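Thanks for coming. I will go through some packing contacts in one model; please have the sequence and the structure open.

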Amino acid sequence: MERTRTLTARSLLASGWASGWVRALSLGLLLAICSLLSNLTTAAQLAGRSNAVLAIRLTISKIFNSGTAWAGLAIAAGWCLRRPLRAAVAAVLTCELALVVHYTLGIATGQMHSSIWWSNKTWFIGAVVLGAPLGLVGSLARRRNVPGLIARLLIPAGAILEPFVMGMLPLPVSMPWPDRLSSGVCGILLLTFGLTVGYLVVQHWRRTRTQKKA
């Protein structure tokens, strides 16, 4: 009986570990595909005959290609794998997978040249250098203490800062209006997301602390 319980516990742990990897890598695939699709353009957009559609596409593209989205991917991968070492490895592999899929599909669809691998090598290096610590942040974010709260607030904080750091807000004036409008809308969306999620995270943490004290 005891052996059966032990085997069942091990089976559940293995199942949870495997599902964590599936969730993490699936997020990488999803972001890679969405990022590429949002970059696809048409001759009409390039010729300036479809500026309204171009503005919408650029807005979506800037969201999926934002630092918030890609940093969030690494943190989410770390969250899925829980344990620090696995979280760090998962974040790196998930980001690398997303980059490989993104560029491979870009070349396959004719949107990118094969030289894209070498010209964008810094992103692959960055996925290792930044991905591992962000994965650890994702693991830490599962904790219900103050460090866990700080870890959970990292992405909302990044979303709030990015529009100003990247010059999305205030609206840039030296760009064509589709680019200008898309930057402004993307900046507002990121700012709204950061403020809303940050508020919800803090409120949830406060409720959890109050319930524990009660």
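**Helix packing and the core**

Start with L73: beyond its neighbours within four places in sequence, L73 is in contact with L27, G28, L31, T94, C95 and A98, contact meaning heavy atoms within 4.5 Å. The model is predicted, with local features needing pLDDT of at least 70, side-chain atom pairs counting only at pLDDT 80 or more, and totals for chains, interfaces and linings using all residues. Residues are numbered from 1 along each chain as its sequence is written, and side-chain values use heavy atoms, with hydrogens and water left out.

L73 is also one of the residues with the most contacts inside the largest nonpolar core, alongside W70, L81, L99 and Y103. That core has 28 residues; a core here is a set of buried (under 20% relative accessible area, 1.4 Å probe, protein chains only) Ala, Val, Leu, Ile, Met, Phe, Trp, Tyr and Cys residues joined through side-chain atoms within 4.5 Å. Elements giving two or more residues to this core are α1 (2-39), α4 (67-81), α5, α7 and α8 (131-140). Helices are DSSP runs (H or I, at least four residues), numbered from the N terminus.

Next, helix α5 (residues 84-108) and helix α7 (residues 121-129): their axes come within 8 Å and cross at roughly 160°. Axes are lines fitted to C-alpha atoms over the stretch in contact, with angles from 0 to 180 degrees between N-to-C directions. The pair is therefore roughly antiparallel, the term for angles over 145 degrees. In α5, V92, C95, E96, L99, V100 and Y103 meet W123, F124, A127 and V128 of α7.

Technical notes. Angles under 35 degrees count as roughly parallel, over 145 as roughly antiparallel, 65 to 115 as roughly perpendicular and the rest as oblique. Buried means under 20% relative accessible area, exposed over 50%, partly exposed in between (1.4 Å probe, protein chains only).
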